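This report is meant to be read beside the sequence and the model. It begins with single residues and then turns to the contact between chains.

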Number of protein chains: 2
Amino acid sequence: MNATTQVAKWDIFEFEAKADVPGNPYLDTEIWGVFSQGNRQIRVPGFYDGDGSFKVRFSPDQTGNWSVTTQSDVADLDGKTANFTVTEAREGVHGPVGVRNKFHFAYADGTPYAPFTTTCYAWTHQPVEMQEQTLKSLECGAFNKMRMCVFPKHYPYNQNDPLHDVYAVKPDGKYDPDQPNFEAFQHFENQIARLGALGIEADVIIFHPYDRWGHCRWTEEQDYRYLRYLVARIAAYRNVWWSLANEYDFMLDVKPMSRWHRFFSIIEEGDPSRHPKSIHQGYIENSYDHRKPWVAHASIQHFQTTDTAKWRADYGKPIVNDEMHYEGDIVQCWGSITAETLVHRFWMTVMKGGYAGHGETYSHPQDLLWWAKGGELRGQSAERIAFLRGIVEEDATNGLTPFEEIDGLQAWPSLGAARDGDVTYIYLAEHRPLTWTLGLPQDDGTNWEVDIIDTWNMTITPAKRVEAHVPVAIKHAEKTVGGKADAGFGVELPGKPNLCVRVRRKRA
Amino acid sequence: MNATTQVAKWDIFEFEAKADVPGNPYLDTEIWGVFSQGNRQIRVPGFYDGDGSFKVRFSPDQTGNWSVTTQSDVADLDGKTANFTVTEAREGVHGPVGVRNKFHFAYADGTPYAPFTTTCYAWTHQPVEMQEQTLKSLECGAFNKMRMCVFPKHYPYNQNDPLHDVYAVKPDGKYDPDQPNFEAFQHFENQIARLGALGIEADVIIFHPYDRWGHCRWTEEQDYRYLRYLVARIAAYRNVWWSLANEYDFMLDVKPMSRWHRFFSIIEEGDPSRHPKSIHQGYIENSYDHRKPWVAHASIQHFQTTDTAKWRADYGKPIVNDEMHYEGDIVQCWGSITAETLVHRFWMTVMKGGYAGHGETYSHPQDLLWWAKGGELRGQSAERIAFLRGIVEEDATNGLTPFEEIDGLQAWPSLGAARDGDVTYIYLAEHRPLTWTLGLPQDDGTNWEVDIIDTWNMTITPAKRVEAHVPVAIKHAEKTVGGKADAGFGVELPGKPNLCVRVRRKRA
């Protein structure tokens with residue numbers, strides 16, 4: 001190391017120390033790095049990477065001069081130091097994502113981040129060529145977050161052996177929880193980095209129940225050690241998110257609730273970047289208590305996307321509906337919906353102030369289903385999700401607030417209607433009125449541009465204005481119900497479903 | 001009257017007494033009829049019908065010899081008697097409907113009754129020709145229950161004056177709560193009878209908030225008097241149902257909750273046939289407590305029909321979703337859904353063990369919308385509801401139990417899947433798997449006929465059997481989730497949404 005080592009802000013500074021340590025360093029040897037800038041100190045866990053190599057990784061969040069000093073009970077690993085200089089972030093690098101404005105996200109540099117998730121649980125465990133194909137498919141621009149598992153997957157349509165076993169395999173076919181396969185972890189984190197280069201966050205699923213390797217039944221100590229190790233290895237990747245589990249409730253018999261609580265704190269202990277943490281359930285009635293302070297956002301699995309505003313109210317956090325069923329044709333209900341339905345659920349979720357997840361599960365003679373293995377996108381929803389993403393990103397400022405929460409704008413819950421600054425969206429879903437007024441500006445409309453978005457055909461057309469001739473509010477006995485009465489004008493609609501009315505203040 | 005007067009069972013025996021009573025008999029004069037067969041006595045309230053005429057109506061539920069004796073403080077109305085003979089019910093007359101098997105309905109003679117509701121709130125208040133058109137339209141066979149208001153309706157698209165004012169109109173345009181218009185009531189009950197002749201139950205909406213005549217603000221005493229009067233007049237019509245209100249929660253400011261409770265007991269006091277009673281809300285969060293013992297069934301207004309099984313669990317009573325939004329194109333969300341969506345919601349509701357309601361709200365230059373005025377059916381859902389009704393009636397025995405409640409048949413909640421005796425329906429909604437196995441028989445299928453029902457195109461096609469090659473149940477750690485694994489066979493599906501798989505034991 002020398003004083004001229006340079007690293008860009010939010011990239012990774014890696015410090016390596018070599019030592020010949022007897023026994024199993026994975027079990028017995030700790031190394032820490034204390035990173036300093038002036039009086040500021042950040043203590044970061046390191047990890048053993050095999051072959052006598054110990055590493056500490058750090059993602060600096062400030063430019064300028066930094067130093068690191070190691071701590072360890074092993075003399076050869078203790079008190080090592082290095083200096084390095086952190087330069088400005090590279091073009092397109094915005095830092096790790098965090099929660100902003102209660103229900104939304106932003107990168108560390110303040111750039112809004114609206115997750116558009118896809119799911120290829122075991123893509124890093126497929127043959128290398130297929131992984132390349134997955135990365136190629138992701139260039140479609142629909143997605144900026146990927147749900148992906150550390151462990152390989154054993155499940156219908158997923159019987160093939162992984163590219164790399166994550167731990168050494170014992171004669172009985174089970175993983176040896178004391179023997180990580182360093183090559184597997186190196187590959188996994190390399191693929192996280194490649195996603196990062198594409199602008200895609202890696203929503204890393206730490207535990208899952210689709211298991212023939214026995215990791216589901218690891219002891220508390222084995223679980224904690226694995227988790228500490230994983231966090232030490234990958235927390236410095238700026239695009240990491242922590243998803244404690246897929247369907248954690250299907251493992252409660254072997255990993256009790258107390259352990260899930262503890263997992264959250266173990267991550268906090270080792271992750272100075274404080275990446276978003278969540279936990280995904282199988283049945284909605286088994287949801288983890290997402291209100292707990294260590295949960296960054298509620299990871300939901302439910303098809304009833306009109307409930308998104310309710311979940312916001314329940315949890316007071318960003319809602320990320322990771323599974324709303326997938327576009328496909330397999331026998332399982334979660335994998336057999338039409339592209340039309342999935343696109344509708346994306347719009348509904350986003351236009352109720354939440355965030356949505358995609359997957360594809362089309363039957364394939366070699367069981368090559370995107371949802372688990374990546375590869376090729378074969379469906380019709382991805383390009384329409386890219387269209388939605390473009391619309392959202394064009395005007396994102398603080399994030400969308402659904403009409404349910406906007407004072408005086410009582411909405412029908414079957415609409416996806418929301419506002420962000422001076423942009424309002426009214427997604428009409430299965431409704432196809434001939435005119436529309438609810439939520440339109442109360443002036444004469446001169447200063448607003450109003451467009452009709454066809455969510456399926458991906459067109460945006462200026463709306464024809466009409467008189468707001470139908471009263472929206474109804475006065476009963478003493479009550480007024482049904483919405484604000486005083487929209488200043490209406491718009492004509494073509495009488496078909498799945499349209500969205502967009503209202504924006506005219507730009508100078 | 002003479003001893004040979006005959007009336008068929010469940011028709012109406014009407015006893016009339018004349019008296020010249022001073023003052024306002026509507027306010028001051030009571031008459032009761034005590035109907036006797038052997039030692040059995042049923043005391044029934046009578047009513048004043050104008051012009052010195054007092055009537056008591058009775059719908060006998062047993063054949064044989066009956067007598068009636070009147071009771072009144074007015075000497076000319078007291079102690080009058082008559083004998084009559086009740087003959088067998090006429091062809092096609094099955095008696096009043098009641099709850100059977102907890103979640104379902106049947107006529108008094110045991111014939112299953114599955115309500116298929118439509119809504120023409122103010123049809124009896126339209127010009128006579130239009131009322132004839134409504135009755136003609138109802139011959140389409142889609143519907144066997146009609147939601148209809150006693151009072152006329154003041155609301156968007158409903159500004160015309162009623163055919164008959166229900167009470168005398170005062171100079172300020174408001175109804176005089178002391179002066180019923182006997183002709184209006186006679187017309188109303190005549191139309192109930194005409195629906196009855198078509199096999200259609202009249203779901204009579206007693207109070208509603210769409211009011212320019214002031215009945216919303218009547219006092220407690222005025223409300224109770226009106227209700228007693230209405231019950232005395234129409235309870236003997238075998239096809240009456242009591243819907244205490246449309247959107248009762250929009251009147252809570254003028255009719256407090258205690259009054260709604262009391263309304264139920266007033267009906268019970270005057271209705272020996274015990275017709276079904278319910279109460280309809282505007283916002284689901286304002287629902288009346290349908291668990292109360294005097295509520296026969298839960299009248300729901302909500303579009304999220306996948307919640308039907310939840311409502312069954314919540315209330316333990318028949319679920320009648322009277323408003324799931326209407327087929328139409330008006331600006332209000334409750335009146336702008338596609339026919340496809342409404343047909344889907346009918347199937348979903350019915351195949352989750354509930355009952356559903358229809359309405360049509362297509363814009364019309366003269367504001368002739370079926371939902372309020374009747375007239376012509378212009379949409380595409382009615383004939384498809386008739387198709388569904390035919391399927392349900394063909395195999396109805398005890399009523400449908402959703403998979404959610406069938407032991408061991410864990411279902412995905414997005415399906416509408418249910419069983420009644422040896423018939424199983426699996427409505428796949430937005431799912432379009434290429435094969436299906438869940439809920440199919442566990443034997444080799446020899447004794448079952450399996451059909452694919454296309455709910456939109458109204459076709460029924462024998463299914464092609466295939467091997468049940470995809471496991472439905474998934475074993476995690478220690479848990480099995482995702483449904484019963486051991487279906488004996490599968491069926492091939494054409495890969496499109498809104499299909500229903502029907503399995504029936506082969507008939508001899």
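Where in chain A does Thr305(A) lie?

## Basis of the model

This is a predicted model, in which local features need pLDDT of at least 70 and side-chain atom pairs count only at pLDDT 80 or more, while totals for chains, interfaces and linings use all residues. Residues are numbered from 1 along each chain as its sequence is written, chains are lettered from A and ligands numbered from 1 in the order in which they are written, and side-chain values use heavy atoms, with hydrogens and water left out.

## Two buried loop residues

Thr305(A) is found in the loop that runs between strand E18 (298–301) and helix H6 (308–315) of chain A, where helices (H or I, at least four residues) and strands (E, at least two) are DSSP runs, numbered from the N terminus. With a relative accessible area of 3%, Thr305(A) is buried, a word that stands for under 20% relative accessible area, judged with a 1.4 Å probe on protein chains only. Leaving aside residues up to four places away in sequence, Thr305(A) touches Asn321(A), Met324(A), Arg345(A), Met348(A), Thr349(A) and Lys352(A), contact being taken as heavy atoms within 4.5 Å.

In chain B, Ser381(B) sits in the loop between helix H8 (370–373) and helix H9 (382–395). Ser381(B) counts as buried because its relative accessibility is 0%, and the residues it touches, again not counting those up to four places away in sequence, are Glu327(B), Ala339(B), Leu342(B), Val343(B) and His358(B).

## The interface of chain B and chain A

The contact draws 57 residues from chain B and 57 residues from chain A. Between the two chains about 4,600 Å² is buried, and carbon and sulfur atoms give 61% of that area; buried area here is the accessible area (1.4 Å probe) that two parts lose on being put together, summed over both.

Two salt bridges are found across this interface, each defined as a side-chain nitrogen of Lys or Arg within 4 Å of a carboxyl oxygen of Asp or Glu. Glu430(B) forms a salt bridge with Arg345(A), with the closest N and O atoms 2.5 Å apart; Arg345(A) is also among the residues that Thr305(A) touches.

## An annotated stretch of chain A

The UniProt record, an unreviewed entry, places the feature "domain: DUF5060" at residues 6–72 of chain A, although such annotations may be inferred rather than shown by experiment. Over residues 6–72, chain A is 6% helix and 57% strand, and the end C-alpha atoms are 25 Å apart.

Methods:
Buried < 20%, exposed > 50% of the residue type's maximum accessible area, 1.4 Å probe, protein only.
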